[in-house]
Each structure stands twice: as C-alpha cells, then as structure tokens.
Amino acid sequence: MRLLRFLAVVVLVGVGCKRESARGPDDALRLGFFPNITHAQALVGNAEGAFASEPGVGKLEVKQFNAGPAAMEALVAGSLDVSYVGTGPSINTFLKAGRELRVIAGAVNGGAVLVTRTAKSAAELKGKKLATPQLGNTQDIALRYWLKQQGVETNLDGTGDLQIVPLSNSDILVQYLRGGIEGAWVPEPWGTRMLLEPEGGGQILVDEKSLWPGGRYPTTVVVTTRKAIETNRPRIVALLRAHVKLTERWEKEPEAFATAVNAAFGQLTKKPLKPPILQGAFSRLEPSLDPVGSALAAAAKHAEELHFIPASDISGLVDLSLLEEARGQSVKQ
C-alpha cells in the first residue's frame, strides 16, 4: 500500500511539471488553505481581500481543503501554487515527492493539546481509546511519540496498550461529548471546545508547547514547490508580502485580529466560535513568520522513529529567501 501511494505521488509530480510549464503569467496564482483558525492569516486575508489586492499578486484563485494530504496532492500535481498546511504533510510530501516541496514561511506556532476526560497520566490511558484527526498527521505523530516517551506502546495495526482512532475534528468532539473516547490530541479550537462545550469537561493532560525548547513549534506553515518558485517567484513574493502584513497585524492587535479570524471562520462554516472558546483557543496560538527549522527537523525524526516516513533528512525543505525578499519590500512600502 505504501509503495502504491509513493508511486502515485511520483506520477503526480510528473503531471504537475507538465502543467506548470504550460502556465503563463496571466494565469491565476492558486492559493490553498483550510477553514481552521490555525490558518488564521489565510482566513482573514481571503475574507478581506488582502491577498488579491496586494500589488504584484495579479489574478488569484483561492481553493479550500479539509486535509493536508489533499492539498499536498494538488500542489505536487501542479493544480495549486501555494498553500497553508500543517508540518506533518509538508515533511511527508517533501520526502516522498522528489524533495520538490519548499516551506517558505511560518504562519502559526502552538495550539495543540491532549484533552482527557479522566486520565491524569500516560499510565492511566492504558486500555482506553484516544483519537487524532488523521493517521500520520501532525497531531497523530505528536501523540504517538509522546506516548512512546512515556513507555506506552502504540502500534499502527491497532494493537498496543491503547487504541488510537482517526476521526475528523468535528467527529472527535461529538465522540468525546458522548463519552465514546477518553480524549484526543487536537489543534485549536477543538481542544478548547472539548473543555468548554456542555458535557465536555476534563483537563489538558499535555499542552504540546511544554514539549518543545522555548515552547516554540510550528502548527501551520506556508509552502510551495521548487517549480512554482522558478515560474512565479515575483507573484509568490507579493503573496508573502500580504502574509507578512497580516502576521504583523496579529502581533500588534491580537484581540482584534482574533475577532476578524472568527468572523471569517463563521462565514465559511456558518458556526462562529463563542467568545470564551475563541479566547481560550487564541491564548495557545502564536503568529510566527519563522517556521522553526529545528522543530521541523525534530518532527521528521519523530515520524521516522514511528515508521511513518523512510528517512528524516529534510535538508533543503526550508527556503526563506522569498520571505526575506517580501519583508524587505514591506519595509520599503
């Protein structure tokens, strides 16, 4: 199965190169993101037209995705130029798709927690059922690696000291409130929702921030491909200028920016977050243009140890030259 997936990605890379070579400067620049508050800059930038109105971006086409693998498949296939995405899919795609992917900026740090109903230690999780958003995704790897460090065995075939099931974030919340799972390792706002929704309760057993040096680890990064940089570098730099401005706005006016994120989130999902949930979620999120390369390298090693990827050498993954160019242009403006 893994071989088939790898071959499929290789084919997509070949198709993507053909599509890119046929695209001209008048074609739309295609940006992907998810309707998640951990894609905060993308939500606001799309809702307020900041990306489309940034000089130099030109015609822009925005595409929404619900999972990292789907967005990365579109990227390597050449049907997407730039995307906001989690670190797990970024690393996986870089290693399995010819090292074509490039992380060109950070976006959001922090914001992932393990919420449990009754368990107050790793040992108390044995024999229970936990959930993560997707097998092998960023939170799934974080949970499995933490459990391994605590001496709790998990296996991909479902055996081990406890069961970890892949569920969408919305299904995780439903199952938690119904008592179907003991807890889950999830990104915000889902951790706060598990705690504050009626029938929720429990506690944060692990704030992932506590596991990283200085509490800094990337949750969302901005990625593109080597081919897209070659063919559309000025426009991608212009897009990053808008990203820089949005990030700086979040840093300077965190409460106002959180409100803008919630308004955009509500437009897309029809379910804006209640103020206590919004406040709790954003208390664990940090805007960051730095993708924290050391944390990316460590995450790759964790995934390799868990046998999700064949190797962990991600040298060449991060290219911040476009971000430096964008920041220099922002200062001049």
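A salt bridge is taken here as a side-chain nitrogen of Lys or Arg within 4 Å of a carboxyl oxygen of Asp or Glu, and by this rule the count comes to 13 salt bridges. The structure is a predicted model, in which local features need pLDDT of at least 70 and side-chain atom pairs count only at pLDDT 80 or more, while totals for chains, interfaces and linings use all residues. Residues are numbered from 1 along each chain as its sequence is written, and side-chain values use heavy atoms, with hydrogens and water left out.

The pLDDT, the predictor's confidence in each residue from 0 to 100, averages 90 for the protein chain, and 91% of the residues score at least 70. Over residues 1-22 pLDDT stays under 50. Where pLDDT is low, the predicted coordinates should not be read in detail.

| Asp313 | Arg99 | 4.0 Å |

Asp313 lies in the loop between α12 and α13 and Arg99 in the loop between α5 and β4, so their pair ties together parts that are 214 residues apart in sequence; helices (H or I, at least four residues) and strands (E, at least two) are DSSP runs, numbered from the N terminus. Burial is judged by relative accessible area (buried under 20%, exposed over 50%, partly exposed in between, with a 1.4 Å probe and protein chains only). On this scale Asp313 is partly exposed at 45%, as is Arg99 at 31%. Glu188 is buried at 1%, whereas Arg284 is partly exposed at 22%. Glu197 is buried at 15%, and Arg193 is partly exposed at 22%.

Strand β6 (residues 129-132) runs parallel to β7 and is joined to β7 by four bridges; Lys129 stands opposite Gln163 in β7. The chain crosses from β6 through α6 to β7 in a right-handed β-α-β crossover, a term that applies if, with the strands pointing away from the viewer, the path from the first strand over the helix to the second runs clockwise.

Note on methods
Pairing = 2+ DSSP bridges. Contact = heavy atoms within 4.5 Å.
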